[in-house]
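Welcome! Please open the sequence and the 3D view, and follow along topic by topic.

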Amino acid sequence: MEEVSLPDNINEGQVQVRTLYLSVDPYMRCRMNEDTGADYITPWQLSQVVDGGGIGVIEESKHTNFTEGDFVTSFYWPWQTKVILDGNSLEKVDPRLVDGHLSYFLGAIGMPGLTSLIGIQEKGYITAGSNQTLVVSGAAGACGSLAGQIGRLLGCSRVVGICGTHEKCVLLTSELGFDAAINYKKGNVAEQLRESCPAGVDVYFDNVGGDISDTVISQMNPNSHIILCGQISQYNRDVPYPPPLPPAVEAIQKERNITRERFLVLNYKDKFEPGILQLSQWFKEGKLKIKETVINGLGNIGGKKMVDLFIIYMCSAQI
């Protein structure tokens, strides 16, 4: 932690903002590598301020699009309590869309929500009334907890989540509307998956990769679809993205004509505005339940507790 002073004046086109929330997300693990493995993610630089998703309120503006009191967001928000930013890098947000819960713009009504919604719409090929079964790995995480609910809203007849604790399983089934949840740390995952998905798996929202995904793919139906959202179990390995499947699993994928295409939400910016409006509508109607973890204080953002929460929910630091 360093304490520094901002310049007394801002330049034309700039704004000074006070940080309200910063987002801590699993993809940040990739930014700790010199080679992030993706051309759209830049590595953090040594001795430079860390950045990520953020929300703040404008205190001074010399940009024509913003005035004092506007709430704004950015994907590259420095981890500072106050910061001077180029106004062109910011997007204005409307607190009414989230009933005043501004942190939701970093989660369910923001990039994780859009990733879940657009991923399912574009790569899930869900047809209402066709009795499709959706399986979500990392199901209690930022995207997973939303993907299961969105899959249901778009027409899946059965939704099954995979996560790592009994408490998360209870959350999925008792609060978020999942039909079943599997704790991959307890018992045989393949057997539990067969019991939970008696008609096989039609759509798989993949957040984790590795052995869990291999098990799910082995039980997928012909002409089914994998939504390749993340591969968090592989982020510490030096492998390409998406990581190649083991030969036996790859053979199953090809024989059953299972789609597995890399999904990048940034390629669908034209769908962001209608997506945010849809997510907001579901939230206000009580159809989309939102879970988040908030840690107070910039000084706590890098602590072990925060790091442990990477994989639980979308995690914000309130500044």
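In this predicted model, helix α5 (residues 210-218) has these buried residues: G210, I212, S213, D214, V216 and I217. They pack against β6, β7, α4, β9, β10 and α6.

**Around helix α5**

- Helix α4 (residues 189-196) is one of the partners of the buried residues of α5.
- The axes of α4 and α5 come within 10 Å and cross at roughly 40°, and that makes α4 oblique to α5.
- The crossing of these two helices, α4 and α5, is right-handed.
- On the α4 side V189, A190 and L193 take part, and they meet I212, T215 and V216 in α5.

**The parallel sheet**

- Six strands make up an open sheet with parallel pairing, and their order is β8-β7-β6-β9-β10-β11.
- At the edges stand β8 (180-183) and β11 (259-262); each has a single partner strand, so one side of each has no neighbour in the sheet.
- From one strand to the next, the twist averages 20°.
- Helix α1 packs on this sheet and touches β9, β10 and β11, with its direction at about 145° to that of β10.
- Helix α4 packs on the sheet as well, where it touches β6, β7 (158-163) and β8; the direction of α4 makes about 175° with that of β8.

**A closer look at strand β9**

- How many residues of strand β9 (residues 201-206) are buried? Six of its six residues are, and the strand is described as mostly covered.
- β9 pairs with strand β6 (residues 133-137) in the parallel sense, over three bridges. In this pairing V136 stands opposite F205 of β9.
- β9 also pairs with strand β10 (residues 220-228), again in the parallel sense, over five bridges. Here V203 stands opposite H225 in β10.
- To get from β9 to β10, the chain passes through helix α5, and this β-α-β crossover is right-handed.
- F205 has a bridge partner in β10 too, namely I227.

**Helices α1 and α2**

- How are α1 and α2 set relative to each other? The axes of helix α1 (residues 111-123) and helix α2 (residues 142-154) come within 9 Å and cross at roughly 45°, and the two helices are therefore oblique to each other.
- α1 passes α2 in a right-handed crossing.
- From α1, the contact is made by P112, G113, T115, S116, L117, I120 and Q121.
- From α2, the residues in this contact are A142, C143, L146, A147, I150, G151 and L154.

**Antiparallel pairings**

- Strand β2 (51-61) and strand β3 (residues 71-78) pair in the antiparallel sense over six bridges. One place to look is G52, which stands opposite W77 in β3.
- β3 also pairs with strand β5 (residues 91-92), in the antiparallel sense and over two bridges. In this pairing V72 stands opposite K92 of β5.

**Single residues worth a visit**

- A251 is found in helix α6 (residues 247-255). Its relative accessible area is 30%, so A251 is partly exposed.
- A251 and S218 are 33 residues apart along the chain, and their C-alpha atoms are separated by 9.8 Å.
- Most residues other than glycine have a negative phi. The next two residues are worth checking with that in mind.
- S47 sits in the loop between β1 (14-24) and β2 (51-61). Phi of S47 is near 70°, a positive value in a residue other than glycine.
- Is S47 buried or exposed? With a relative accessibility of 77%, S47 counts as exposed.
- N257 has a positive phi of about 55°, although N257 is not a glycine. You will find N257 in the loop between α6 and β11.

Notes: Residues numbered from 1 in each chain as written. Predicted model: local features only at pLDDT ≥ 70, side-chain atom pairs only at ≥ 80, totals over all residues. Heavy atoms only, no water. Buried < 20%, exposed > 50% of the residue type's maximum accessible area, 1.4 Å probe, protein only. Helix = DSSP H or I, 4+ residues; strand = E, 2+ residues; numbered from the N terminus. Pairing = 2+ DSSP bridges. Right-handed = clockwise from strand over helix to strand, strands pointing away. Axes fitted to C-alpha atoms, helices over the stretch in contact; angles between N-to-C directions. Parallel < 35°, antiparallel > 145°, perpendicular 65-115°, else oblique. Left-handed = near helix turned anticlockwise from the far one by under 90°. Contact = heavy atoms within 4.5 Å.
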